[in-house]
Protein chains: 2
Amino acid sequence: MALVNENYCNLKESYLFADIAKKVSAYAKEHPEKKIIRLGIGDVTRPLAACVVKAMEKAVAEMGVQDTFRGYGPEQGYGFLHDAIVKYYASFGVALESNEIFISDGAKSDCGNITDIFSNANTILIPDPVYPVYLDTNVMCGRKIIYMEGKPENNFLPMPDENVHADVIYLCSPNNPTGAVYTKEQLEKWVAYALKNDAVILYDAAYEAFVVDPAIPRSIFTVEGAKKCAIELCSLSKTAGFTGTRCGYTVVPQALVRKTAAGQEMSLNKMWLRRQTTKFNGVPYIIQRGAEAVFSEEGIAQCRANIAYYQENARIMMAGFDKLGIKYFGGVHSPYIWLQCPQGMTSWEFFDYLLENMAVVGTPGAGFGTMGEGYFRLTAFGSRENTIEAMDRIVAGLKNL
Amino acid sequence: MALVNENYCNLKESYLFADIAKKVSAYAKEHPEKKIIRLGIGDVTRPLAACVVKAMEKAVAEMGVQDTFRGYGPEQGYGFLHDAIVKYYASFGVALESNEIFISDGAKSDCGNITDIFSNANTILIPDPVYPVYLDTNVMCGRKIIYMEGKPENNFLPMPDENVHADVIYLCSPNNPTGAVYTKEQLEKWVAYALKNDAVILYDAAYEAFVVDPAIPRSIFTVEGAKKCAIELCSLSKTAGFTGTRCGYTVVPQALVRKTAAGQEMSLNKMWLRRQTTKFNGVPYIIQRGAEAVFSEEGIAQCRANIAYYQENARIMMAGFDKLGIKYFGGVHSPYIWLQCPQGMTSWEFFDYLLENMAVVGTPGAGFGTMGEGYFRLTAFGSRENTIEAMDRIVAGLKNL
């Protein structure tokens, strides 16, 4: 009798985006005359950079011709893309070896799959509020999960607590959903904690391209010692608008070694290579050529222009909330504005208020964890026109609240 | 202290293709004048069909324009591709619902990831010889693995044994590496065994497009009752030359229900949906448009022309071995020829003999499991010219052996 994985019974169904969609569609039906502006979902809207399109067009054509056709590529990605990423990391002072970089179809996949190489006996430390994938992928393995609280007092940036025992730690900076970013000094404390406790940090750097201050780390490997205690997950989704194009990468340093329960020392780099060569067959050649173009001089400039567009949206949003005197986090090094709901409203009360009075859609913070209650996420990924109009409505609607 | 997954210590490193490469490169160095012909690796060589290239070119262009740009797509794939696959299955008499089809980056990924939804308490039944991924992905979970023997007496098609207890069963037809195909009557026996024992069959149909006899099942779902006991994994790698383009699909029927150890009934379709929405973010839009074109009338005709090319290679190879009186399996409904090594040679002895005397490279059967010893795999994926030349050399070289 085939038995199924019983841990799946412990997963909580998230109805967050389904509930939002339901409410929005009901509102639209009742108010067909209203133009609803959606600043809820963390998906990009700007088209791919011209040089990326050109590189992929060339690669598609190559696949149609006998002499340039490519079959199976290396599971961990082509050398040309490794080289491009090594150069990219060097530009902010991080030296990587090619074989420390694993190309994948995105940070979400790697974030889920990386659990494979760890024992289920580990205690997992997860921030609250949080990107739900960290939690769910560990519930699927039946692991012990503990939380660290993000709150206004710590600027939604929880710090290590010597009294808490954790084996695997998830950090995300710039953070989804709060937009908060760790400073180098703060990351040094996390690395010190991990080294002292032989823990491993899974560092989600998916939003690194939004960091504007060169003093703020774009990689955990800017911190000394991090290569002995951290894995970094990154993605082109937000860097280059690849949410529907799918390419990411994970850095597993050669220096990262941990033991089995029986005490055998294992290289995590070799384990991940074994995982990927066994359960993955690489990213499409066409997509890898597009990704290579992202890291070219031209590509960096073109992608940066798109990010600047979103950053200007964020500035417009921040200016509105500043005018209203509403407290918020994020927005500077992040496409997310994480604001305190006015008048002590709950997340869902504010959601309804915003929808019904201003026809603007955002995401209730409570959807990201208990500590998100009373907070609300808006994204800067909309068009300029919609962002301006939404903020005009919000400022007008809330100023006399 | 972060502990790593100790089951990884039980994985055997496979040096098969590395050892082959080493021997070939040593031979090439010693004999720079010889033209080595490689018929070893199961990778396609024909370029993508013209209509697939055209569809992807269009999709790439769409991604560069504001109005047609696409961000996140559904994790389980776009409706347009589901519809195309529903129609494709209908063409050989299988009725599927859209939500039973999950688009992925390939059968290897799904084959590895599908283990997630099963309990580690299951006993896994695997054929020998076998595609190594079935074995390794289950070793990674620490599962009990038992084997069923493929041998000349059963035409390398092991059948169910009522005395063997198995919970999850891997079947691959047309088979890699042996090229053997199950008849409908044989699959009916497997389905009956699975239904009787509440087992689940993981049916790898990656080579279905090579089936030439309409009486041979191209899907396990042509067998009545299979939707209550089977998951089918399929891929465009061999159907449409997508080994470097990466798209596959997995069919998890709505009727497939199994229990947890605690007795809770679970829909495997819902579990796989949860797995994929949590740990996967969909296949690139560009690639899905290419895959859609594969299933168009034009695409089916163009892809079939490529397959016919490989099938003609297989016929040339079979004619050579017929002339030599060498016994082989496969070749008819498969790009693989699985031959008995002449003169009682071991797989590696024959490998060396073929390389040193005829400068032809194949794959020693022993690399696919104990039962592969004394056998040898050649593939029909080479060019016509090389296939003819290799067979001329083999026939000339072996006829007086």
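Here are some worked exercises on the structure above.

This is a predicted model, where local features need pLDDT of at least 70, side-chain atom pairs count only at pLDDT 80 or more, and totals for chains, interfaces and linings use all residues. Residues are numbered from 1 along each chain as its sequence is written, chains are lettered from A and ligands numbered from 1 in the order in which they are written, and side-chain values use heavy atoms, leaving out hydrogens and water.

**Exercise 1.** Work out how chain A is built overall.

Step 1: Count the elements. Chain A has 11 helices and 15 strands (DSSP runs numbered from the N terminus; helices are H or I with at least four residues, strands are E with at least two).

Step 2: Check the radius of gyration (taken over C-alpha atoms; the globule rule is 2.2 Å times the number of residues to the power 0.38). A compact globule of 401 residues would come near 21 Å, and chain A agrees with its 22 Å.

Step 3: Look inside. Of the 401 residues in chain A, 63% count as buried (under 20% relative accessible area; exposed is over 50%, partly exposed in between, with a 1.4 Å probe and protein chains only).

**Exercise 2.** Find the order of the four-strand open sheet in chain A, and what packs on it.

Step 1: Line up the strands. The order is E11-E12-E15-E14 in chain A, with antiparallel pairing (strands pair if DSSP finds at least two bridges between them).

Step 2: Spot the edges. E11 (328-330) and E14 (363-364) of chain A each have a single partner strand, so one side of each lacks a neighbour in the sheet.

Step 3: Zoom in on one pair. Five bridges connect E12 (residues 336-340) and E15 (residues 375-379) of chain A, and Tyr336(A) sits opposite Thr379(A) in E15(A).

**Exercise 3.** Is Lys108(B) buried or exposed, and what does Lys108(B) touch?

Step 1: Lys108(B) belongs to helix H4 (residues 107-113) of chain B.

Step 2: Check the cover. Lys108(B) has a relative accessible area of 7%, so Lys108(B) is buried.

Step 3: Name the neighbours. Leaving out residues up to four places away in sequence, Lys108(B) touches residues including Glu75(A), Phe280(A), Tyr131(B) and Val133(B).

Conventions
Contact = heavy atoms within 4.5 Å. Axes fitted to C-alpha atoms, helices over the stretch in contact; angles between N-to-C directions.
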